[in-house]
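Notebook open, structure loaded. I'm jotting down what I looked up, one contact at a time.

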Amino acid sequence: MAGMEDLYKEIIMDHYRSPRNRGELLSPPATRTEGFNPLCGDEIVVYLIVEDGVLTDIKMTGQGCSISQASASLMSAAVKGKPLSDVRERIDTFKALMTVHEAALDGEASDAVDLRRLGELAALQGVVKFPVRIKCATLAWNTLIQGLEEISPT
Amino acid sequence: MSGYDPALVRADFPLLSRVIHDHPIAYLDSGATSISPASVITAMSHYYENSHANVHRAVYVTAEEATATYEGARRRVGRFIGAPHPDEEVVFTKNATEAFNLFVKSWGASQLRPGDVVVLSEMEHHANIVPWFQLRDQIGIEIRFIPVSDDFRLDLSGLDELLVGAKVVSVTGMSNVLGTINPVRELADRAHAVGAILVVDAAQSVAHSVTNVVEMGADAIMFSAHKMLGPTGLGVLWVRREILSAMPPFLGGGGMIADVTLEGFTAASGVTRFEAGTPPIAEAAGLSAAVDYLEKLGMAAIADHEAQLTGHTLERLATEFAGRVRILGPSTLEKRGGVISLDVEGVHPHDLAQVLDQFGVCVRPGHHCAKPLMRRFGVVATARVSFGPYSTLGDLDALFDGLHHAVGVFG
């Protein structure tokens, strides 16, 4: 049985209580993208600045539960200052982490995701044991993807 | 309260024997859906095991039993809400939301003209907002909202102006977020005085207090079986006979016609013209049993029991969480039902509900399909506690254990 300690890890509580990169950026030049979780009403706004293929700055505002807020904060720390190719790789890794749900429910470590490459993001691994909360964790990431699409459509 | 023993009531509900995370389940989400007593489940099994046949057509024994079960449910639920003519006024739908859609798309689209006014309230469920918006976008009606005051009541001070040009007032009998019980009779009288009809969303109130459509002065009401101890997949629309007779059919297909030729069709008369296709027959059997069960307990006794639990909860919140927990709803028992929305400082409703789950406590986090009301009070979500006839003080002890723990973890 998945316990609370799987979900509310120390790193998650830290990012929830002291969110990184919180605030707004002047838009323009920054892009401003809104995200909504229609199930619970959580909202997020992601501001991005990309210069010469590098995500030089990211800021976020919004309201949400500890999982959505911590995931947003962890995301911002993981992608800020990174070339877009690295940012996309992080996004892919995170998506893989959120889709290994069946394996995680069986209590098996996932082979699909190399946790060592995730750094602090690995703290979000426990979320997949609480399927309803996956949407909380992915809100910021989906909004980031949408923002990047606006900057450089793939 | 004499004669009402919640422990005995509990024993009738198989689901309540479940153990969740090593705790007995404390089901406090009856506002979302209620759970069913064994008699409801048995009634549905009985249909499948003995009388599983389609209704209204075949003449063999099981088919006649199925028809009797289905039409019997129409009369049973009609009597339960005090309908003067159940056979001609009770329409079965998929749920209360479909009942609203049926009414708006049939009555609204055929009777309203561009510029006609529809009066709703700020505390409505999306089911009583979105269909009206759809109709507005289609034919150009005007929609106005009765505001909600800071003390969580309908603010009727400007009602006379809101009612100018109104053809329909459609409000909830009891808010699914605030627990507020609205003055339906007064609204009916004032709507009728300007020639408007009154529609009541009875989804939250129907299982928790006596419903009588005549005493309410309502012209149409909607509710769903699953919020009154019955099964999912069945809703009820009651419309006063004189109004229903002018309503065109909703969905087209089998069962709703008098005749079909290669040139066109003639709709059936009566309520069946709104019930295209094979209806939810087993669910109707379940609803009959649910109504039997509710009446056996007594609606007044249920209301008393739930009021006692509500009062107890409000008291404990005030003494144990003063300043930490804001209640979105009336703080006294006056004109309020057993739905309590909590905004706990520093604890998001999702996190609170997750912690409570570890205590076996089922509450609902979210916007409760009432986003305009959430915005009105500056929150994105609340954690909602709601009672049923089977709720006990033991459920509340589990709730408060969980609340203290959550505040400890997140506070």
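How many Å separate the centres of domain 1 of chain B and domain 2 of chain B, taken over C-alpha atoms? I get 28 Å.

Ground rules first. This is a predicted model, where local features need pLDDT of at least 70, side-chain atom pairs count only at pLDDT 80 or more, and totals for chains, interfaces and linings use all residues. Residues are numbered from 1 along each chain as its sequence is written, with chains lettered from A and ligands numbered from 1 in the order in which they are written.

Domains of chain B: I have domain 1 as 6-30 + 298-410 and domain 2 as 41-295, bounds that come from an automatic or database domain assignment. Their contact takes 23 residues from domain 1 of chain B and 22 residues from domain 2 of chain B (in contact: C-beta atoms, placed from the backbone, within 7 Å). On the domain 1 side, H12(B) gives the most, with five residues (helices are DSSP runs of H or I, at least four residues, numbered from the N terminus).

Next, the chains. I find 14 residues of chain B in contact with 13 residues of chain A. H13(B) gives the most to the chain B side, with four residues.

Last, a helix pair in chain A. I see H3 (residues 66-79) and H6 (residues 134-151) packing at about 40°, axes 6 Å apart (axes are lines fitted to C-alpha atoms over the stretch in contact, and angles run from 0 to 180 degrees between N-to-C directions). H3(A) and H6(A) are therefore oblique to each other (under 35 degrees is roughly parallel, over 145 roughly antiparallel, 65 to 115 roughly perpendicular, the rest oblique). Among the residues making the contact are A:Met75 of H3(A) and A:Trp141 of H6(A).

Definitions and conventions: Helices (H or I, at least four residues) and strands (E, at least two) are DSSP runs, numbered from the N terminus. Two residues are in contact if their C-beta atoms, placed from the backbone, lie within 7 Å.
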